[in-house]
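User: I would like to go through the terms used for this model one at a time. For each one, give me the rule and then the value that is set against it.

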Amino acid sequence: MSETTRIHVGNISFEVTEEDIETLFTEYGTVESVTIIKDKDTGKSKGFAFVNMTSQEEADKAIEALDDKEFQGRNIRVGLAKEKDSKNSSRGGGGGANYGRHSQRDKDRDSGRPYSDNRGGSRGRDRSGSGGGGGGGECYN
């Protein structure tokens, strides 16, 4: 028996059912299963699904025909699903560029210096000068 091909279907209407998607894809080949991804707390659709088709050729035909096609009021996005990779999971992680493992803030903390967040605020600076907009006394008309 051949291996199934997994297809990602995005931008689906929240009212679409698994039966609707199966009917749509059956025109291009044998559909093994359809799974609409739902929020685990509310049970509502997250707006995307996975379709397993029995052959790569059938999956390719469906992708070619259905990608960016209007389906129940929305242009759906259809493509091969990416393999789930535990190393690149969307859960956890560093929290962005400024708070990574070796951010400037960490280096400042470890060195004992005051934080420098490079956002132009006046934290840790002498506030008596006339710098920045609004001060200084000169008026240019």
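Analyst: Start with burial: a residue is buried under 20% relative accessible area, exposed over 50% and partly exposed in between, with a 1.4 Å probe and protein chains only. The model is predicted, so local features need pLDDT of at least 70 and side-chain atom pairs count only at pLDDT 80 or more, while totals for chains, interfaces and linings use all residues. Residues are numbered from 1 along each chain as its sequence is written, and side-chain values use heavy atoms, with hydrogens and water left out.

User: Why is N52 called buried?

Analyst: N52 has 14% relative accessibility. The limit for buried is under 20%, so N52 counts as buried. N52 is found in strand β3; strands (E, at least two residues) and helices (H or I, at least four) are DSSP runs, numbered from the N terminus.

User: What is N52 in contact with, leaving aside its neighbours within four places in sequence?

Analyst: Contact means heavy atoms within 4.5 Å. By that rule N52 is in contact with T4, T5, R6, T30, V31, E32 and S33.

User: Why does N11 count as partly exposed?

Analyst: The relative accessibility of N11 is 34%. N11 is found in the loop between β1 and α1, and N11 has a positive phi of about 60° although it is not a glycine.

User: What about D68, and why is D68 classed as partly exposed?

Analyst: D68 stands at 44% relative accessibility, so D68 also falls between the limits and counts as partly exposed. D68 lies in the loop between α2 and β4 (70-71). Just after α2, D68 takes a positive phi of about 70°, although D68 is not a glycine.

User: How many helices and strands does the chain have, and in what pattern?

Analyst: The chain has 3 helices and 6 strands. Along the sequence they follow the pattern β-α-β-β-α-β-β-β-α.

User: What makes two strands a pair?

Analyst: Two strands pair if DSSP finds at least two bridges between them. β2 and β3 are joined by 6 bridges and run antiparallel, with S45 in β3 as the bridge partner of K38. β1 and β3 also pair in the antiparallel sense, over 6 bridges; there the partner of T5 is M53 in β3. Between β1 and β6 there are 4 bridges, again antiparallel, and V9 has V78 in β6 as its bridge partner.

User: Which strands form the open sheet, and in what order?

Analyst: The open sheet has 4 strands in the order β2-β3-β1-β6, with antiparallel pairing. β2 and β6 (77-80) each have a single partner strand and stand at the edges, so one side of each has no neighbour in the sheet. From one strand to the next, the twist averages 20°.

User: How do the helices α1 and α2 lie on the strands?

Analyst: Axes are lines fitted to C-alpha atoms, for helices over the stretch in contact, and angles run from 0 to 180 degrees between N-to-C directions. α1 lies across β1, β2, β3 and β6, running at about 140° to β2. α2 lies across β1, β3 and β6, at about 155° to β6.

User: Why are the buried residues of α2 said to be on the same side?

Analyst: The buried residues in α2 are E58, A59, A62, I63 and L66. They cover an arc of only 135° around the axis, taken from the directions from the helix axis to the C-beta atoms, which puts them on the same side of α2. The face turned away from that side carries the exposed residues E57 and E64. Cover for the buried residues of α2 includes β1, α1, β3 and β6.

User: What makes a set of residues a nonpolar core?

Analyst: The members must be buried Ala, Val, Leu, Ile, Met, Phe, Trp, Tyr or Cys residues, joined through side-chain atoms within 4.5 Å. The largest such core has 21 residues, of which I7, I21, F25 and V51 touch the most other members. Two or more residues each come from β1 (5-10), α1 (18-26), β2 (31-38), β3 (45-53) and α2 (56-66). α2 gives the most, with 4 residues.

User: Which residues is F25 in contact with, beyond its neighbours within four places in sequence?

Analyst: F25 is in contact with I7, V9, V31, V51, M53, A62, L66 and V78.
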